[in-house]
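Subject: Structure handover, salt bridges

Hello,

Here is the structure for your files. My notes on its salt bridges follow below.

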Amino acid sequence: MDQFSKDTFVPAGELAAKRKKSRDSLFLIACLSIEGHPGTTEVRVRNLSSGGLMAEYAHPLKIGTGIEVELRGVGRVAGEVAWTTAGRIGISFESPIDPMQARKPVSASATGPRKDKPIKPIL
């Protein structure tokens, strides 16, 4: 049984403080695939942790609905809707991720200009 089971009282402030330390606030666009719905939808991810995320999503979803989310730097992650409220959803991942991977800069393409050599003007 985990430390936050129904039988254990944890003051709301203490629980929020512990949760806030492990949650990473950011703004990231991700693609969401919802079980039973065709295609994907772009969502704005506002909080990301190893166990889940909070995203802006305008349509109501049932708690427990299966999803897959494509996160930059992380890839496809399976999970389910943990909670929903007006304009936002919480998603719990099936397996933990490294949320710092989503913060890594996107690498430049191999065909793009190199920054270590100046571009010579054509005369």
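Glu56 and Arg44 form a salt bridge, with their closest N and O atoms 3.3 Å apart. The term here means a side-chain nitrogen of Lys or Arg within 4 Å of a carboxyl oxygen of Asp or Glu. This pair links distant parts of the chain: Glu56 sits in strand E3 (residues 52–56), Arg44 in strand E2 (residues 41–48), and 12 residues separate them. Strands are DSSP runs (E, at least two residues), numbered from the N terminus.

This is a predicted model, so local features need pLDDT of at least 70 and side-chain atom pairs count only at pLDDT 80 or more, while totals for chains, interfaces and linings use all residues. Residues are numbered from 1 along each chain as its sequence is written, and side-chain values use heavy atoms, without hydrogens and water.

How exposed are the two partners? Glu56 is partly exposed, at 28% relative accessibility. Arg44 is also partly exposed, at 42%. The classes are buried (under 20% relative accessible area), exposed (over 50%) and partly exposed (in between), with a 1.4 Å probe and protein chains only.

Now Arg76. Its side chain meets Glu68 in a salt bridge, closest N and O atoms 2.9 Å apart. Arg76 also bridges to Glu70, at 3.8 Å from N to O. Arg76 is exposed, with a relative accessible area of 51%. Glu70 is partly exposed, at 34%. Shared partners also join Arg44, Arg46 and Glu56 into one salt-bridge network.

How many salt bridges does the rule give? The count is four.

Best wishes

Technical notes. Helices (H or I, at least four residues) and strands (E, at least two) are DSSP runs, numbered from the N terminus.
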